[in-house]
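Please report on the fold shown below.

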Amino acid sequence: VTLSEGARAGIGRELGMLDSLLSLGGLVLLRDSVEWEGRSLLKALVKKSALCGEQVHILGCEVSEEEFREGFDSDINNRLVYHDFFRDPLNWSKTEEALPGGPLGALRAICKRTDPGPITIALDSLSWLLLHLPCTTLCQALHAVSHQDSCPGDSSPVGKVSVLGLLHEELHGPGPVGALTSLAQTEVTLGGTKGQASAHILCRRPRQRPTDQTQWFSILPDFSLDLQEGPSVESQPYSNPHIPPVDPTTHLTFNLHLSKKEREAKDSLILPFQFSSEKQQALLRPRPGQATSHIFYEPDVYDDLDQEDPDDDLDI
């Protein structure tokens, strides 16, 4: 099959966006809302990781395994390791398949693996975990998994770890959201306008300034990305989209603009260093009865009064 240049460019842009989300490793925070859901993008990232040959573990808490696997072909599904915490989240049935410690126990078990290859862990979702676990406990577990090259007490080398966390931002207050944001190496905020979805991507690289970009896209039924044209997508200096811009001219103790009356008063004012013609005449012409001054000069011995050769005292 021969692809046109446009098709190859589209595939390249799609891989570029997915690579930018997965290249840094660590925690990739997907912030969605009721209007713009993020599970489709999570599944697109899972598919990309599976196609790259990475180990992919899914911690499914919010939807069933069948629903999450829906839309993937058999090749992708065979590469996914699914940990089902949706059917029996508290392990009431006491099955042997359940991992001790629940979702965090599964995270620790994944961290203690012996295969040093890269791994991707998808958390579906962080919101479910926040509703069932203390925020500090969850943040400590995420930090241990995504920020360490090896787990505590385990000397085996570990490859790049990417943790994909889906967060329903509207369900939580600013405290938990801010804590998870501070842990994330890559933060994706989903939005859009007029039915067209966009992803605002903020990347925090070590020893570099954070950069952000906005990418417009749609997700196909096979969870491939169809990138679309939109506003500028080039990297820009970091500006937090969740903090409203502050007007620096508010709460000032002085006015930056003049009213009409103030401007007229300013224009009619004569400053001390501005000499009008009347003021010049008054200074140059003495008034009647005003005492005049005279300067008396007595030449000194060393004064050079010869204008023809003013440098004769230099003895050249």
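Buried means under 20% relative accessible area, exposed means over 50%, and partly exposed lies in between (1.4 Å probe, protein chains only). Helices (H or I, at least four residues) and strands (E, at least two) are DSSP runs, numbered from the N terminus. The model is predicted: local features need pLDDT of at least 70, side-chain atom pairs count only at pLDDT 80 or more, and totals for chains, interfaces and linings use all residues. Residues are numbered from 1 along each chain as its sequence is written, and side-chain values use heavy atoms, with hydrogens and water left out.

**Overall picture**

The protein chain has ten helices and ten strands. Of its 316 residues, 36% count as buried. Contact means heavy atoms within 4.5 Å. Among contacts between residues at least 6 apart in sequence, 66% join residues at least 24 apart.

Confidence is given as pLDDT, the predictor's score for each residue from 0 to 100. The protein chain averages 79, and 77% of the residues score at least 70. Residues 1-12 stay under 50, and the model has two contacts for them beyond four places in sequence. Where pLDDT is low, the predicted coordinates should not be read in detail.

Helix α5 is mostly covered: eight of its ten residues are buried. They are G102, P103, L104, G105, A106, L107, I110 and C111.

V177, L180, T181 and L183 are buried. Seen down the axis of α8, the buried residues fall within an arc of 160°, so they line one face of the helix. That arc is taken from the directions from the helix axis to the C-beta atoms. On the other side, P174, G175 and S182 are exposed.

| Helix | Residues | Buried residues covered by, among others |
|---|---|---|
| α5 | 102-111 | β2 (55-60), β3 (80-84), β4 (119-124), α6 (126-132), α7 (135-146) |
| α8 | 174-183 | β1 (26-32), α6, α7, β5 (161-168), β6 (184-193) |

What does T181 touch? Beyond residues up to four places away in sequence, T181 touches L29, R31, E187 and R204. The relative accessible area of T181 is 13%, which is why this residue counts as buried.

**A hairpin**

Strands pair if DSSP finds at least two bridges between them. Four bridges join β8 (residues 211-219) to β9, and the two run antiparallel. S218 stands opposite D226. Five residues lie between the strands of this hairpin, and F223 in the turn has a positive phi of about 65°. Strand β9 (residues 225-228) has a covered face, L225 and L227, and an uncovered one, D226 and Q228.

**Nonpolar cores**

A nonpolar core is a set of buried Ala, Val, Leu, Ile, Met, Phe, Trp, Tyr and Cys residues joined through side-chain atoms within 4.5 Å. The largest has 32 residues; L30, V46, F68, L164 and V188 touch the most other members. Helix α2 (residues 39-51) gives the most to this core, with six residues. Apart from it lies another core, of 28 residues, among them F85, V145, L167 and L183.

V188 touches L21, V28, L29, L30, R31, L41, A199, H200 and I201, leaving out residues up to four places away in sequence.
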